[in-house]
Amino acid sequence: MYTDPISDYLTRLRNAMMAGHRVVEIPGSNTKREITKILFDKGYILNYKFEDDGRQGIIKIALKYDKNTKVPAINNMKRVSTPGLRQYVDAGNLPRVINGLGIAIISTSSGMMTDKEARSRHIGGEVICYVS
């Protein structure tokens, strides 16, 4: 049993990319599904599929690599808010990742979104992770 499912999700993605895997399977949850949708919409992963196994479900993620150099599309992922130390920001202090080239995933009262979407809607929330 693990105490931080989001860190486990990010670690599984990171390990699969370092090993050069094409597909990674991750135990599902609603939060992980929303993060996966954001990663797909922003072009960090190739595709995803949610499968129902009778319990929590499985998320299958097809990882994205550069065709010539085989470098993963995701260079860095960092968990910001942990179960022991939650990191909340208001709309005026939303973080910028690599001066706007990366994304910060924010959990708001309106659902999961990127820092750019939260800035445009002028809402704050919990900073889940940085992706670049």
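Trainee: Which residue in β3 is the bridge partner of Phe50?

Mentor: This is a predicted model, where local features need pLDDT of at least 70, side-chain atom pairs count only at pLDDT 80 or more, and totals for chains, interfaces and linings use all residues. Residues are numbered from 1 along each chain as its sequence is written, and side-chain values use heavy atoms, without hydrogens and water. Strands (DSSP E runs of at least two residues) and helices (H or I runs of at least four) are numbered from the N terminus; two strands pair if DSSP finds at least two bridges between them. β2 (residues 45-51) and β3 (residues 58-63) pair in the antiparallel sense over six bridges, and the partner of Phe50 in β3 is Ile59.

Trainee: Which residue in the turn of the β2-β3 hairpin has a positive phi?

Mentor: Six residues lie between the two strands of this hairpin. The turn residue with a positive phi, about 90 degrees, is Gly54.

Trainee: What separates the C-alpha atoms of Arg22 and Lys64?

Mentor: Arg22 sits in the loop between α1 (5-19) and β1 (23-27). Its contacts (heavy atoms within 4.5 Å), leaving out residues up to four places away in sequence, include Leu63 and Tyr65. Arg22 and Lys64 are 42 residues apart along the chain, and their C-alpha atoms are separated by 7.7 Å.

Trainee: How far apart are the end C-alpha atoms of helix α2?

Mentor: The expected span is 1.5 Å times one less than the number of residues. Helix α2 (residues 30-41) has twelve residues, so it should span 16 Å. The model agrees, with the end C-alpha atoms apart by 17 Å.
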